[in-house]
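Hi,

Here is the model I promised to pass on.

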Amino acid sequence: GCGKGEYTTGLAQFRPDRNYIGVDIKGARIWRGARTALELGLKNVGFLRAHVDHLLRCFAPGEVSEIWLTFSDPQPAKSKARKRLTSPLFLARYKEVLVPGGIIHLKTDSPLLYDYTLEQVAAHGLPLLQKSEDVYGELVPGLPPAEQEVLNIRTFYERMWLGEGKKIHYVRFAIN
């Protein structure tokens, strides 16, 4: 989910020529994001209260250019791996709604989810565009400076985890 919409509104500010839709199941989170968008006068932001399992009911084939997965629940139990947002189940859903060559971004504090995502990218033969084990400790190799700035958008949880000394990981890959 998009949480309080920090990434949704942050991306919208960086790229006012694109539209952004934050998706979350919790209405209070979306309310905060929507309020921020209104306060900032952002016209290219919307929020959708829906469960990620219903993604295919919300977007048409080829309707989405990029998907940002920011600080998703890593579902650490091995029995819940299929619920990870980069599992084969979700990759298949993303493939349906993304344009050909669509991009998926994962930003996480979880080494487990980071490593799992890299394994899925390799297992499905998906083009790995960039990766970083520590986005604040190094420039992401091959990432244009403007894109590097986008990675500096920080969510509530991200600020908390950085305060605890955790590293933030990033993966960018294409699908289709």
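Of the 176 residues in the chain, 47% count as buried. The accessible surface comes to about 9,400 Å², and carbon and sulfur atoms account for 55% of that area. Bear in mind that this is a predicted model.

On to the fold. The chain has 7 helices and 6 strands, and going along the sequence they come in the order α-β-α-β-α-β-α-β-α-β-α-α-β. The radius of gyration is 15 Å, close to the 16 Å that the globule rule gives for 176 residues, so the chain is as compact as a globular protein of that length.

Taking the contacts between residues at least 6 apart in sequence, 75% of them join residues at least 24 apart.

As for charge, there are 24 positive side chains and 19 negative ones. The centres of those two sets lie 6 Å apart.

How far can you trust the coordinates? The average pLDDT for the chain is 94, and 100% of the residues score at least 70. Confidence is highest in helix α5 (residues 111-123), with a mean of 98, and lowest in helix α6 (residues 145-150), where the mean is 84.

Cheers

Note on methods. Residues are numbered from 1 along each chain as its sequence is written. This is a predicted model: local features need pLDDT of at least 70, side-chain atom pairs count only at pLDDT 80 or more; totals for chains, interfaces and linings use all residues. Side-chain values use heavy atoms; hydrogens and water are left out. Helices (H or I, at least four residues) and strands (E, at least two) are DSSP runs, numbered from the N terminus. The radius of gyration is taken over C-alpha atoms; the globule rule is 2.2 Å times the number of residues to the power 0.38. Buried means under 20% relative accessible area, exposed over 50%, partly exposed in between (1.4 Å probe, protein chains only). Contact means heavy atoms within 4.5 Å. Accessible areas come from the Shrake-Rupley method with a 1.4 Å probe; for residues, only the protein chains shown count as cover. Lys and Arg count as positive and Asp and Glu as negative; His and the chain ends are not counted. The place of a charge is taken as NZ of Lys, CZ of Arg, CG of Asp or CD of Glu. pLDDT is the predictor's confidence in each residue, from 0 to 100.
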